[in-house]
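Reader: I'd like to learn how to read features off a model like this one. Can you take me through it?

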Amino acid sequence: MSSARVYLFDSTLRDGAQTHGVDFSAPDKAAIAQALDTLGIDYIEGGWPGANPTDDAFFADPPALARGRLCAFGMTRRSGRSADNDPGLRALQQAEAPVAVLVGKSWDFQCQVALGVEPDENVRMIADSIAFMAREKAEAMYDAEHFFDGYKANPAYATDCVKAALDAGARWAVLCDTNGGTLPHEVEEIVSALVAAGIPGDHLGIHCHNDTENAVANSLAAVRAGVRQVQGTLNGLGERCGNANLVSLIPSLVLKMGLDVGLSGDQLTKLTETSRALDERLNRAPNTRAPYVGASAFAHKGGLHVSAVEKDPRCYEHIDPALVGNRRQILVSDQAGRSNVLARLRDIGLEVDPDEPKVARVVEEVKLREFKGYAYDGAGASFALLARRLLHRVPEYFRLTSFRVIDERRWNAKGELITLSEATIKADIGREHHMAVAEGNGPVNALDAALRKVLVPAYPRLAGLRLVDYKVRILTPEAATAAVTRVMIESADSTGERWTTVGVSPNVIDASYNALHDSITYALFNAGVAPVDAATAAAE
Ligand SMILES: [Zn+2]
């Protein structure tokens, strides 16, 4: 295999924009193009000028790119028109982009059925259109639509289409698996045959769809057979099952196949953040199981695996996660052995003697509580408090002696239906008894407000405490004798630090209070705040 440079081509803004539920605005497109440029992508396909107002707006004011070349997409000329008289080609020629990508047929059956054009005329359409764009633009490319299906049906004709484009001056002819039904061994065979027939691989590209979940594998097979341009989209965006995922392809090309794709090591470490930023923009949760960049890609849960990873990460990791900007995660779980808990203890800065009997108590307590429905994987602050309580001591900053919450739904004076909650709490801080009443838009909000009335004068630091996320999950009875509710609360303080706590109870308010109590205790303990009256500060 030649080790010539492999070029990367991103189609997130063109093919990826066809994804069900994705609707990019022109500013979205500009921001994504810039992120792709920062990542080090060679070709960035912006869209189809003349096809819709968003793409027209994007090309009317294209983003400044440092290195990436902006590509505009269009079709070969219509049958019976000259290239410079074709309205589609004109729109493309006028678009502010140095590269024109022209899609055209390469399957004789498609020419006759879909286009109603004789195969010979299709070849002339490809040659004329490419020759026109090669004159007008810095680069012209031919997307050979349905290339693999066409090649299987009529290899000579599909090859003629590719040759016509390259002879007319196309920098690249891109072999498209448009329907996504081709398998890796077929791609490798067909591309090898094409290269053997004299078509140079360093003028061939590959464009795969994921309909058999082989888009990445097919792209790698094509590279093995000699193609030197690889197309895909961020996170595999694209219609139906998506396009080849560049986020998986890039590290495989670089780290597994040792190929130069023009990215520096620094740029490769931007992969995880680039992938997650796209999800952020699309307002979707990132796929935790995404290869290379997912939150679970380097997460270890099984006890044996964790102890081996602690000795040498290569035991259960195929690459160093830092190379792609991801990180290792050690999860605490019901399956956890001692080594998980020991690793988590080190994570929170507790150096312990593994043989100390108290460590066994932490392991047992974590297992028992997870059986009851607690989840410490996502609640690091509650884990830290639990471990410190069992191993050392955590001060009791306050003691809630009782709380009562009343919910009321009624019509207000304006005739609107409102729901109000009112919480009454009694709490001891040091030797002093306090009582407070507060309203909220829900029971947890009211409870939180009443607690603050009592706690903030004693602990001013809590004034900056905010609840940023609140999740409730009803657990099925398998975890306990009756259905229980698990509440996870994410909190933040004025420094921007965030932490998550967990509470479990058959009663949702009680579960919420447990998580809230941990959150407040963690905020104070983590900041090194001393309890108001040390005399009452005993370990729980
Ligand atoms: Zn496509």
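**Reading the model**

Author: Buried means under 20% relative accessible area, exposed means over 50%, and partly exposed is in between (1.4 Å probe, protein chains only). A word on the source: this is a predicted model, where local features need pLDDT of at least 70 and side-chain atom pairs count only at pLDDT 80 or more, while totals for chains, interfaces and linings use all residues. Residues are numbered from 1 along each chain as its sequence is written, and side-chain values use heavy atoms, with hydrogens and water left out.

Reader: Where does histidine 146 lie?

Author: Histidine 146 is in the loop between β5 (139-145) and α6 (147-153). Helices (H or I, at least four residues) and strands (E, at least two) are DSSP runs, numbered from the N terminus.

Reader: What should I know about phi?

Author: Most residues other than glycine have a negative phi. Here, histidine 146 has a positive phi, near 55°. Asparagine 235 is not a glycine either, and its phi is positive at about 55°. Asparagine 235 sits in the loop between β8 (229-232) and α10 (246-256), and is partly exposed, with a relative accessible area of 22%.

Reader: Which residues coordinate the zinc ion?

Author: For metals, donors are N, O and S atoms within 2.8 Å of the metal (3.2 Å for Na, K and Ca); water is not among the atoms, so sites may look incomplete. In this model, Asp15 (OD), His207 (NE2) and His209 (NE2) coordinate the zinc ion at 2.0 to 2.2 Å. Along the chain, the donors of the zinc ion follow the spacing D-x191-H-x1-H.

Reader: How many disulfides does the structure hold?

Author: A disulfide is a covalent bond between the sulfur atoms of two cysteines. The cut-off here is a pair of cysteine sulfur atoms within 2.5 Å, and the structure holds zero disulfides. Take cysteine 208: the closest cysteine sulfur, in cysteine 176, is 8.6 Å from its own sulfur, so that is too far for a bond. Cysteine 208 counts as buried, at 1% relative accessibility. Cysteine 241 is in no disulfide either, and the nearest cysteine sulfur, that of cysteine 208, is 13 Å away. At 45% relative accessibility, cysteine 241 counts as partly exposed.

Reader: And how many aromatic pairs does the structure hold?

Author: You describe a pair of aromatic rings by the distance of the centres and the angle of the planes. Rings of Phe, Tyr and Trp (its six-membered ring) pair if their centres lie within 6.5 Å; planes under 30 degrees apart count as stacked, over 60 as edge-to-face and the rest as tilted. The structure holds twelve aromatic pairs. One of them joins phenylalanine 147 and phenylalanine 148, edge-to-face at 5.3 Å centre to centre and 85° between the planes. Phenylalanine 147 and phenylalanine 148 are both buried. Tyrosine 374 and tyrosine 376 have ring centres 5.9 Å apart and planes at 10°, so this pair is stacked. Tyrosine 374 counts as buried at 15% relative accessibility, and tyrosine 376 does at 1%.

Reader: Which residues do ring pairs link into a cluster?

Author: Ring pairs link Phe147, Phe148 and Tyr151.
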